[in-house]
Amino acid sequence: MSIELGEIIFMRTKNKSLILIIAVLMLLVSLAGCSNQSTEAEVKTITDMAGRTVEIPVEVANVYCADPMSAITMYTLAPEKLLGWCYQMNDAELAYINEAYQELPVFGMNDNINYEAVISADPDVAVLTGKVSDALIEKADKMQETLGIPVVVIENGLLSTPDIY
């Protein structure tokens with residue numbers, strides 16, 4: 001049984017092609033697996049203080065605070081994530097705010113929120129505080145729909161303060 005040179009070259013080329021195809025398939029499968037894992041890891045599901053289930057990003061870079069209580073709470077927890085203020089502070093209030101955060105944009109509150117400005121600032125999440133009620137939950141749901149981002153409700157009662165921090 002003799003094998004000619006042409007057959008050997010054909011077999012080597014065929015083996016190399018097969019190895020290349022297997023390598024490409026393995027790469028695609030591993031990349032697809034990585035893609036699914038990172039998508040799952042990008043968000044997490046939480047239950048806010050109103051009992052609402054909310055999906056938020058795992059990494060939050062900036063937060064829109066829809067009311068004074070949430071803004072001050074965010075300022076005390078992670079000021080670098082504060083997107084802006086909901087009202088223009090007076091000099092007495094500004095005396096307690098670090099200069100680096102005094103000139104953040106003002107987005108408004110209640111019926112005077114500038115939703116276009118908030119959306120263009122591209123927050124990751126919004127925070128809304130108040131006494132948990134059906135009206136507050138409805139407000140949070142409406143805000144979430146309008147902004148297109150998760151809105152987390154925080155109970156603003158004094159007894160809830162330890163749970164916030």
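This report walks through the fold, the pockets and a few individual residues of a predicted protein model.

## The overall fold

The protein has seven helices and five strands. Read from the N terminus, these elements follow the order α-β-β-β-α-α-α-α-β-α-β-α.

The protein has 165 residues, and 32% of them count as buried. Its accessible surface is about 11,100 Å², with 58% belonging to carbon and sulfur atoms. Among contacts between residues at least 6 apart in sequence, 51% join residues at least 24 apart.

## The largest pocket

Next, look for empty space. Rolling a probe the size of a water molecule over the atoms shows where such space is left. The largest pocket holds about 480 Å³. Its lining counts 23 residues, and those nearest the centre are Ile 56, Met 74, Val 127, Val 152 and Ile 154.

Several elements share in this lining: β1 (43–47), β2 (53–57), α2 (68–77), β4 (125–130), β5 (151–155) and α7 (161–164) each provide at least two residues. The element that gives the most is α2, with four residues. By class, the lining of the largest pocket consists of 16 nonpolar, three polar and four charged residues.

## A closer look at α2

Helix α2 deserves a visit of its own. Ser 70, Ala 71, Thr 73, Met 74 and Tyr 75 are buried in α2. The cover over these buried residues includes β3 (63–65), α4 (99–102), β4 and α7. Met 74 is also one of the residues nearest the centre of the largest pocket.

At the N-terminal end of α2 you will find a cap formed by Asp 67. A side-chain oxygen of Asp 67 lies 3.2 Å from the backbone nitrogen of Met 69.

## The second largest pocket

The second largest pocket has a volume of about 200 Å³. Its lining is made up of Asn 110, Asp 111, Tyr 115, Ala 135, Glu 138, Lys 139, Lys 142, Met 143 and Thr 146. Helix α6 (residues 134–147) gives the most here, with six residues. Sorted by class, the lining of this second largest pocket has three nonpolar, two polar and four charged residues.

One of these lining residues, Asn 110, sits in the loop between α4 and α5. Asn 110 has a positive phi of about 55° although it is not a glycine. With a relative accessible area of 45%, Asn 110 is partly exposed.

## Residues in the loops

Glu 103 is placed in the loop between α4 and α5 (115–121). Glu 103 counts as exposed because its relative accessibility is 71%, and exposed means over 50%. From C-alpha to C-alpha, Glu 103 and Gln 88 are 9.6 Å apart in space, while 15 residues separate them in sequence.

Asn 62 belongs to the loop between β2 and β3. Asn 62 counts as buried because its relative accessibility is 19%, and buried means under 20%. Leaving aside residues up to four places away in sequence, Asn 62 touches Lys 81, Leu 83, Ala 121, Asp 122, Pro 123, Asp 124 and Val 125. Asp 122, one of these partners, is found in the loop between α5 and β4. Asp 122 has a positive phi of about 60° although it is not a glycine, and with a relative accessible area of 55% Asp 122 is exposed.

Methods
Residues are numbered from 1 along each chain as its sequence is written. This is a predicted model: local features need pLDDT of at least 70, side-chain atom pairs count only at pLDDT 80 or more; totals for chains, interfaces and linings use all residues. Side-chain values use heavy atoms; hydrogens and water are left out. Buried means under 20% relative accessible area, exposed over 50%, partly exposed in between (1.4 Å probe, protein chains only). Contact means heavy atoms within 4.5 Å. Accessible areas come from the Shrake-Rupley method with a 1.4 Å probe; for residues, only the protein chains shown count as cover. On a 1 Å grid over the protein atoms alone, a cavity is a set of points where a 1.4 Å probe fits but cannot get out, and a pocket is an open set with protein on both sides within 12 Å along at least five of seven lines; lining residues have an atom within 4 Å of a point. Grid points are joined across faces, edges and corners, and a volume is the space filled by probe spheres set on the points. Ala, Val, Leu, Ile, Met, Phe, Trp, Tyr, Cys and Pro count as nonpolar, Asp, Glu, Lys and Arg as charged, and the others, Gly among them, as polar. A polar contact is a pair of N or O atoms within 3.5 Å; within protein, one must be able to donate a hydrogen and the other to accept it, and residues adjacent in sequence count only if both atoms are side-chain atoms.
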